[in-house]
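Here are my notes on this model, as numbered points. Please read them with the structure open.

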Amino acid sequence: MTQPTAGTFDPHDRALFTDRYELSMLQGYYESGHTPTATFSLYFRDLPADRGYAIAAGLEQVIDYVETLAFDDRALDYLAEEGFDAEFLSYLDSFEFTGEIRALPEGTLVFPNEPLLEVTAPIHEAQLFETFVLNQVGFQTLVATKGARMADVVRRHGDGQDLVDFGSRRAHGTDAGLKAARAGYIGGFDGTSNMLAGERFDIPTYGTMAHSWVQSFENERESFAAFADVYGDDVIYLVDTYDTVSGAEQAVAVAADRDVDLGGVRLDSGDLSELSKRVREIVGDASIVVSSGVDEFFLREFFDDGGVATAFGPGTVLTTSTDAPNSGVVYKLTTVERDGALAPSMKLSPGKVTYPGQKALYRVTGDGQYQYDVLARRDEGLEAGEPQLEPIFEDGSLVYTPPELEAIQQRVRRELETLPDRFRRVTDPEPYEVRISDGLEEITQRTERTIQEREL
């Protein structure tokens with residue numbers, strides 16, 4: 001199979017998938033000749049509710065965006081209609097990235113204030129990436145984290161049940177549904193119902209039947225028989241259209257009548273834990289797929305109640321991360337060139353203070369488990385654990401090869417198995433320690449004093 005492409009936008013769409021103020025600033029930078037080198041950092045101020053960690057995702061789409069971004073005639077014509085200057089549009093016509101990107105590999109654990117990625121480039125280049133990077137990395141990191149939490153509950157409390165994404169129909173747009181399937185797979189899911197995600201990212205696809213199939217026939221038994229006649233062995237029947245227990249009995253009877261192997265049944269409503277136990281007595285060793293409202297909280301309760309399943313089909317709660325639908329990632333300027341050298345920069349806004357300067361991130365392990373992280377200045381030269389940020393682009397050229405999704409998924413599993421349980425709890429996890437190095441503390445205090453003396 002050919003390698004799937006990373007994105008869904010054509011070059012015209014990618015160029016215009018930005019906020020107007022980004023292009024207004026770009027034109028301002030260009031026309032004023034103010035194009036210093038700058039560093040922007042993408043990070044969480046705080047993790048979403050009940051999250052003890054996040055899983056970095058979306059880097060492959062950023063790489064694809066940087067590599068293919070171009071302003072075609074259609075985009076340039078539209079920007080001309082919107083009032084942008086011809087000389088600036090001529091610059092955009094030949095736009096290319098010349099800078100550096102360092103990032104956490106996809107599948108890496110990330111905690112507050114830690115860079116998911118840092119972009120260092122002439123400010124007008126780095127500024128342009130803000131909208132797309134926040135959109136793609138923020139969303140996929142959110143969904144990959146949701147998926148990883150579900151997969152972790154299954155591993156720790158279940159019996160190897162499969163997780164399949166059923167949520168593209170409830171996603172906030174086609175691109176969101178597609179990327180949610182990818183991010184869920186990174187987090188530990190086994191497949192998706194979405195065929196485009198299967199084709200684009202080589203993710204296994206799964207499906208059963210809908211209630212409409214059952215309702216379209218004279219009765220439930222007839223609907224099951226028709227499906228068996230088409231597909232034969234190993235069919236999974238949706239049995240809750242009318243009555244779950246009766247539906248399971250009908251599925252067993254139809255399989256016997258047609259002399260085919262019963263693949264299993266899907267339960268999609270009611271008290272799923274109790275119904276699963278009753279249905280197990282009817283269908284024997286056949287599969288039981290549980291869907292409807294499945295998330296990490298449901299899974300923990302389902303297992304605690306002794307529920308029985310071979311697979312789960314999370315939908316809306318995965319693709320919209322229902323309990324925490326906003327990632328909260330930000331993309332902030334942390335250095336800017338002054339007098340020929342990169343100088344630290346920071347915000348002092350209440351509740352939105354940033355750590356200045358380019359960063360290094362180290363993860364410290366002891367007794368086979370992660371102990372704490374150290375956020376430091378990039379030039380500090382600490383020996384404080386394993387460095388986490390990797391070079392992605394240097395001098396505008398890609399120097400990194402994205403791994404296959406299976407390898408990213410395996411990385412997530414290794415990382416979570418190395419993170420102590422108290423940080424992985426579904427509710428009320430302990431906050432993981434991120435230490436700030438002496439050098440970063442010193443530059444933060446010094447930069448704050450400099451800004452206060454200059455501005456206040």
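**Notes on rings, salt bridges and charge**

1. Ring pairs join Phe17, Tyr65, Phe97, Phe129, Phe132 and Phe393 into a cluster. Rings of Phe, Tyr and Trp (its six-membered ring) pair if their centres lie within 6.5 Å; planes under 30 degrees apart are stacked, over 60 edge-to-face, and the rest tilted.

2. On the basis of the model: it is predicted, so local features need pLDDT of at least 70 and side-chain atom pairs pLDDT 80 or more, while totals for chains, interfaces and linings use all residues. Residues are numbered from 1 along each chain as its sequence is written, and side-chain values use heavy atoms, with hydrogens and water left out.

3. The whole structure has 22 aromatic pairs. Phe84 and Phe88 form a tilted one, with 6.1 Å centre to centre and 40° between the planes. Both Phe84 and Phe88 are buried (buried is under 20% relative accessible area, exposed over 50%, partly exposed in between; 1.4 Å probe, protein chains only).

4. Phe224 and Tyr237 also make a tilted pair, because their ring centres are 4.9 Å apart and their planes at 50°. Phe224 sits in helix 11 (residues 220–231) and Tyr237 in strand 8 (residues 235–238), so the pair ties together parts 13 residues apart in sequence. Phe224 is buried at 0% relative accessibility. Tyr237 is buried at 1%.

5. The model holds 33 salt bridges (a side-chain nitrogen of Lys or Arg within 4 Å of a carboxyl oxygen of Asp or Glu). Asp323 bonds to Arg51 in one of them, with the closest N and O atoms 2.8 Å apart. This pair links distant parts of the chain, 272 residues apart. Asp323 is partly exposed at 30%, whereas Arg51 is buried at 7%.

6. Glu118 forms a salt bridge with Arg102, closest N and O atoms 2.7 Å apart. Glu118 is in strand 5 and Arg102 in strand 3, so the pair ties together parts 16 residues apart in sequence. Strands (E, at least two residues) and helices (H or I, at least four) are DSSP runs, numbered from the N terminus. Glu118 and Arg102 are both buried.

7. Asp373 forms a salt bridge with Arg363, with the closest N and O atoms 2.7 Å apart. Asp373 lies in strand 15 and Arg363 in strand 14, 10 residues apart. Asp373 is buried at 0% relative accessibility. Arg363 is buried at 3%. Elsewhere, salt bridges with shared partners join Arg51, Lys146, Arg149, Asp295, Glu296 and Asp323 into one network.
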